[in-house]
2 protein chains.
Amino acid sequence: MSRRRRSGGRRARAVARAAAQEMRRSPFLTSKLAPYEVLSTEGLEIIEHNAETILERVGVDITDEPAVQTFREAGADVDGQRVRFPRGMCRQIVTATAPSMFTQVARNPEKSVVIGGNHLVLAPAYGSPFVRDLDKGRRYATIEDFRNFVKLVYMTPYLHHSGGTLCEPVDVAIPKRHLDMVYSHFRFSDKPLMGSVTAPHRAADSVEMAALVFGEDFLEENTVIMGLCNANSPLTWDKAMLGSAREYASRNQAAIITPFILAGAMAPVTVAGVAAQTLAEALVALSYTQLVRPGAPVIFGSFASSLSMQSGAPTFGTPEPSLTLFVLAQLGRRLGIPFRSGGNLTASKVPDAQAAYESAATFQPTLLAGINFVLHSAGWLEGGLTMGYEKFILDSDQCGMAEALLSGVDLSENGQALESVIETGPGQHHLGTAHTLANFETAFYRSFTADNNSYEQWSEEGSLRSVERANSLWKKSLADYEPPAIDESVDEALQEYVVRKKQTYPDFEA
Amino acid sequence: MSRRRRSGGRRARAVARAAAQEMRRSPFLTSKLAPYEVLSTEGLEIIEHNAETILERVGVDITDEPAVQTFREAGADVDGQRVRFPRGMCRQIVTATAPSMFTQVARNPEKSVVIGGNHLVLAPAYGSPFVRDLDKGRRYATIEDFRNFVKLVYMTPYLHHSGGTLCEPVDVAIPKRHLDMVYSHFRFSDKPLMGSVTAPHRAADSVEMAALVFGEDFLEENTVIMGLCNANSPLTWDKAMLGSAREYASRNQAAIITPFILAGAMAPVTVAGVAAQTLAEALVALSYTQLVRPGAPVIFGSFASSLSMQSGAPTFGTPEPSLTLFVLAQLGRRLGIPFRSGGNLTASKVPDAQAAYESAATFQPTLLAGINFVLHSAGWLEGGLTMGYEKFILDSDQCGMAEALLSGVDLSENGQALESVIETGPGQHHLGTAHTLANFETAFYRSFTADNNSYEQWSEEGSLRSVERANSLWKKSLADYEPPAIDESVDEALQEYVVRKKQTYPDFEA
């Protein structure tokens, strides 16, 4: 044994540690695995053909007058709000100028992320009016909850992006809420973020605040903020969403164009039907961003799940949305732009076994599908109605595992470990071999939420369920939180902007 | 709307229903998805080369004298218990005669399963000394628990195989236990089963009892029982396991040859190292079955997980075993024989979120890896030490989802649903369209354990966690159970065999 230890163990350990640090330093993931594909080129062509047929024969309703006008000038057939597109028109516009990959610069440039190609960026859940924790149960979210989740995202290395509406701070008036949210992201985190999309002027405020942080000129050349623009499926784009997309695109910022489809309600019940309609809807808004500003970064997104045909409720973690995800990711690669989907999704009200099965049955395919940007990677409960503190912790542990999976199989000499198998031989354990000693620190992902101890030890420690362990973990994370540095003048400019704008907005939406 | 309903809705509904029934009738799954592959041919060749190097330079220790003798005669280099193999020898023996696919005939021939190719057979968990339910907690398993699980497996359409040691009936003496287990499978189920492997004579008893059910001659031509033969990794095969493999193979029954490796303990910590050692170990016993009886059905198995390098406990649902699984399934396809792995695995003591994340993070890759036989698909807790009643129900629901996933994307005209998208148009919902009405019954897998209702309804119904819903479900399943018919003379012959053999065996192992 001592001989083995001498033979290179120390140097190998140092190399392994350096490699591990190198890995940990990356602010986003890069996959060495080929994306999993469920359809042949012929199958994908059928769906693309159907999408073009939908755009040509039915078209979409657009309630945003400037967008209608832009499409008319670009060659679309306009009849009131109904806009029909010659075959291939939208696709041609997108492929001509939309970038295949772009960098979203973070306030801390070391946390900037590359979106597209074989890169993966994980972002937290988005949009819940409620929060839940084990102590206080389910309740309306407040701005304090919002800040808490900004801090929790900041504290975990496994989420690369601060997200956007981490929860709805319902204690702040709707017309003013976006200002507090964008400010909180900038002040309490230094990761890349998403701005508001609930109205074009709120999108404009978000970009304006980003300009205060990065400088007006910087934005012209760099993407620093993104907005999530959902279609009103089926086949409708409204003022708020297209108008917000215009605000982001016109200033070189990224819109995430996402048809939001519960199959059976907003689209047919079949995978191929959902995929064709999603592609058609997306092509409209994707091409619009390129008409607004050729070359503006834009992401093809999909949120697709099924409807319970008994209760009418959305369901998650079932096989049909997995297939839809694989198909749409393939279609995204053929379109040549980054693709976005959802992460750890569930309909469960609490972080129980249902929540975890459904989340993992969404997240595992997500990791293998070759997605570029994953929203809702952590925290999501109850079909998105609730952001869960414990669920956030449990999901972020799953996010942590993505890196090792996507790193694929190490076929280096150290990875092959042939000499170690030969030296150790039959019937001897590998616990203390030089190879094990050199590699054990970095060999396996270490879950920080799983209990792998014996039954006896687990019992002695109180027979805790994972939700109970997670409860301690988010509290510790918040207790350990220290805000990142921010330039005082930038902070003042942001605060001044928030105060000034709040004075101009009413307390209730008109 | 009424026009749409008339236009083919009724006929389409009938077609969809018939298709669904056809699907449900299949006693095993057939995948239309290509298996996911993580290594190139070159990568696989490196691992195969390393496996041959291990067999050539180190070899394996074999404590079974007849097997050593057989290998000597076949050309291996024997030095006491150490047996080394010329490069390619084992592989050549396997590929020359081992079938790429075989049918395991069930007592009810409608439940016979095809193992190999693009087929998937799901079997329950195996080998736990403990059982657990929500009412009585964790306790030693009894023969009553064993029978309960035979019945629960019989009752679910989502498990295709009755399995083997569903739990250890510790209230029956070890030397007699296998008789009660095999009898219970035959009497309380009519699905295919696994026999004993804890000693060669117990394997022989298992095959003998199968012969009482099917007839001696039938066994010569058909496979009706399987045995699970694990290596003593690293690189050791013992009397019990190789002797049992011999009993099964010699009578044309199937051995599942499974290196059982916790990386870091029984093998190096790397994926490529585990894969090479697994392949080497498996090739020895696989080839032995073909030397015993050329053409005997045999399965290449792997049970591979990681060791917590802190506590020494096995861990599950982490990324490294997923990569190992993908690699070994690829190696299995290159070997041209069926491949077996584990299913819904977890280290959690209870069916909480940890259990479900870990299970799904194992099961989802399993479904995409192109596995043929999945043991431990339902019930497994605590690293296999406990068989859980509620976990069984929750896992079997996940198993139910496999069919829809593996069916892939329907690109038929009905699957494309193009006309329905066009007819429905922008802003209209799809809930009542002819296409939805024609397809909704079969469109989506319906989970029987998930609660997708509103928070309010869920609260009114008692705010049940999924484990609590599962508690009711296994009780209802047992209450609804009715035994399958069995020929009275067969039952008598089995019972007589059990009684007679029990008299000849001691109450304690020698």
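Helices (H or I, at least four residues) and strands (E, at least two) are DSSP runs, numbered from the N terminus; contact means heavy atoms within 4.5 Å. Axes are lines fitted to C-alpha atoms, for helices over the stretch in contact, with angles running from 0 to 180 degrees between N-to-C directions.

The sheet is open, has four strands in the order S9-S8-S20-S19 (chain B), and shows mixed pairing. Its edge strands, each pairing on one side only, are strand S9 (137–140) and strand S19 (380–381) of chain B. Two strands count as paired if DSSP finds at least two bridges between them. Strand S8 (residues 130–133) of chain B pairs with S9(B) in the antiparallel sense over four bridges, and Phe130(B) stands opposite Tyr140(B) in S9(B).

## A four-stranded sheet in chain A

In chain A, an open sheet with mixed pairing is formed by four strands in the order S3-S4-S2-S12. Strand S3 (77–79) and strand S12 (236–237) of chain A are the edge strands, each of them pairing on one side only. Strand S2 (residues 60–62) and strand S4 (residues 82–84) of chain A run antiparallel and are joined by two bridges, with Arg82(A) in S4(A) as the bridge partner of Asp61(A). Helix H4 (residues 65–74) of chain A lies across S2, S3 and S4 of chain A, running at about 125° to S2(A).

## Helix H12 of chain A

Helix H12 (residues 319–335) of chain A has 17 residues and reaches 25 Å from its first C-alpha to its last, close to the 24 Å expected at 1.5 Å a residue, where the expected span is 1.5 Å times one less than the number of residues. H12(A) is mostly covered, since 15 of its 17 residues are buried; buried means under 20% relative accessible area, exposed over 50%, and partly exposed in between (1.4 Å probe, protein chains only). Just after H12(A), Gly336(A) takes a positive phi of about 80°.

## Aromatic pairs and charges over rings

Rings of Phe, Tyr and Trp (its six-membered ring) pair if their centres lie within 6.5 Å, and planes under 30 degrees apart count as stacked, over 60 as edge-to-face and the rest as tilted. By this rule the count comes to 37 aromatic pairs over all chains. One of them is the edge-to-face pair of Phe149(A) and Phe392(A), at 5.8 Å centre to centre with 65° between the planes. This pair links distant parts of the chain, 243 residues apart, with Phe149(A) in helix H6 (residues 143–155) and Phe392(A) in helix H14 (residues 389–406) of chain A. Phe149(A) is buried, at a relative accessible area of 0%, and Phe392(A) counts as buried at 1%.

Tyr455(B) and Trp458(B) form a tilted pair, 5.8 Å centre to centre with 40° between the planes. Because they are three residues apart in helix H19 (residues 455–460) of chain B, the two are separated by about one helical turn; both Tyr455(B) and Trp458(B) are buried. Elsewhere, ring pairs link Tyr36(A), Phe326(A), Tyr36(B) and Phe326(B) into a cluster.

A charge sits over a ring if NZ of Lys or CZ of Arg is within 6 Å of the ring centre and within 35 degrees of the ring normal. Arg138(A) has its charged end over the ring of Phe130(A), 3.7 Å from the centre, and also lies over the face of Tyr455(B), at 3.7 Å from the ring centre.

## Basis of the values

Residues are numbered from 1 along each chain as its sequence is written, while chains are lettered from A and ligands numbered from 1 in the order in which they are written. Because the model is predicted, local features need pLDDT of at least 70 and side-chain atom pairs count only at pLDDT 80 or more, whereas totals for chains, interfaces and linings use all residues, and side-chain values use heavy atoms, with hydrogens and water left out.
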